[in-house]
Amino acid sequence: MAATPLKNPKISAYLRSGNTKFSHRFSSPSTVIYPSLKTSSICETLFFSSLRPQKPRFYPVSLCSATVSGERLTFDVVVVGAGIIGLTIVRQFLLQSKLSVAVVDAGVPCSGATGAGQGYIWMVHKRPGTAAWELANRSKQLWEELAEEIQEQNMDPLDMLGWMKRGSLLVGRSLGESTSLQERVRLLSEAGLKVQYLPASDLLKKEPSLDVGSEGGAAFVLDDCQLDAQRTVEFIEKGNKSFCQHDRYREFYYEPAVRLLRSPETGDVEAVKTSKNVLYSRKAIVIAAGAWSGTLMQNLIVESDISLNVPVKPRKGHLLILENLRNLQLRHGVMEVDYVTHQNGPSISDSSTSIVAEDDSHILSISMTATTDMWGNLVLGSSRQFTGFDTQVEDSIVKCIIERAGEFFPALRRLPLLEFMRSGKIRVGLRPYMHDGKPIIGPVPGLPKVMLATGHEGCGLSMALGTAEMVADMVLGNSLTIDSTPFSAQGRYDQ
Ligand SMILES: Cc1cc2nc3c(=O)[nH]c(=O)nc-3n(C[C@H](O)[C@H](O)[C@H](O)COP(=O)(O)OP(=O)(O)OC[C@H]3O[C@@H](n4cnc5c(N)ncnc54)[C@H](O)[C@@H]3O)c2cc1C
């Protein structure tokens, strides 16, 4: 059957270019570079880690990313950070404009939080009427459109993005939680979602392996989706790379940005200096460096008269991946209701949750999230901690994640914990945390041309396409689909 033509031929070409795996394109070993872990401290700390050492998954560096050190390189837009936020911003500029774009990363795509993400694109735990809701809602709509476009091109969104519309269950186990879930169902329904309240007996039929006790229940959002972060990044990267041949796109990986350069005449920022190159920008420099964006901004504008404290902090998270669990295959994504409290703030004091340590500097929370990934593995999360940029796997936290999940899934209790610890794979990532629960998206006051797109905490995958659209529309002077004011940097950090 012939592929349906899309309204935007550029998107159509982009989609087709995404229909090949990296391994196919870089089948010759001579074009594939597998750098040593020692080459970058960020790579060293941020790849998938495991209780047993694992070979990290590196992306091959393509020929079009090769560059001559010292060459003067000028682009319309330079994006710093190749996580899901940076890469989708690149994609948006490439599709929506004729601008040339460069992306810079200290490591490679998926080195940061993106590679650790669980992949839920859920509305069930978000609060209607907030700015974050608007952004997430728009973004989800864009993800759904992308999945549909992939399908229209006779490709499988599952294969391309790990895309699954499974629905989500936000579950509680007490009468109080069930009451609050019923109220949430009302709000979500008023906001236009297909949502139901499921008491314990109905919930058991929907998700037989879940046990919430007789007083529990769930908010069930029928259309919530999930994706696979690695698969999605591969797809987006592949599409972006197709613009290399038109000289509109270049990648500079293993090249940390070290400084912003300002014009001696105007004082305006005009370039990003990396460890190897100076990348001049005509129109915009977008800082999308996730949890590193705060410290990076301080380093970038060193020796300048401007002092900016972008208060994005790293918030460490562990996920556990369990393979071959035939007796525990979930039909939906599941999250405990306390996740909402844990995500929103560092001060947690609810005795019903599995908090294992709490002091001024190291607040730790664990809330159960459980999904089945595209390969049928059970993915269990997740922890939240403020421990700086450390990404070591902590056995005590893995144990807590398993124990917490066991409170909801009796089948897990019957399995030997030590076996899990030995056979499970662990992913660790640093979420870019903002104290007020919203990302920063917009220009940096006092630095014309410099934009921030960071601080998405546990929602960066779900909010990526909406963020990218907003950034590109701002730079291109288009009218915005949703109000960007609540995400503005103005007044949200100390100057
Ligand atoms: C355990 C866990 C589970 C999660 N689950 C979900 C989920 O289910 N759904 C969801 O929506 N979100 C989830 N998230 C959150 C999501 O992963 C993040 O919000 C998102 O990945 C942030 O993307 P980013 O591009 O801003 O940052 P990152 O992915 O961290 O990318 C930042 C990039 O900047 C680069 N960088 C740093 N310093 C420099 C420099 N000096 N120069 C150049 N580059 C630099 C890094 O190498 C990195 O590649 C989860 C996160 C974790 C940790």
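Me: How many bridges join β13 to β16?
Reply: This is a predicted model, in which local features need pLDDT of at least 70 and side-chain atom pairs count only at pLDDT 80 or more, while totals for chains, interfaces and linings use all residues. Residues are numbered from 1 along each chain as its sequence is written. β13 and β16 run antiparallel, as strands (DSSP E runs of at least two residues, numbered from the N terminus) that pair, with at least two DSSP bridges between them. I321 stands opposite V379 of β16, and the bridges joining β13 to β16 number four.

Me: Which residue is the bridge partner of T371 in β16?
Reply: Strand β15, residues 364–372, pairs with β16 in the antiparallel sense over seven bridges. In the hairpin of these strands, with five residues between them, G376 takes a positive phi near 85°. In β16, the partner of T371 is V379.

Me: How many residues of β16 are buried?
Reply: A residue is buried if 20 or more other C-beta atoms, placed from the backbone, lie within 10 Å of its own. β16 is largely enclosed by the rest of the structure, because its buried residues number eight of the eight.

Me: How many residues surround the ligand?
Reply: β16 (378–385) supplies at least two residues of the shell around the ligand, as do β13 (313–322), β17 (425–433) and the helices (H or I runs of at least four residues) α4 (84–96) and α15 (460–476). The closest are G83, G112, G290, G317 and G460.

Methods. Near = placed C-beta within 6 Å. Buried ≥ 20, exposed ≤ 12 C-beta atoms within 10 Å, placed from the backbone.
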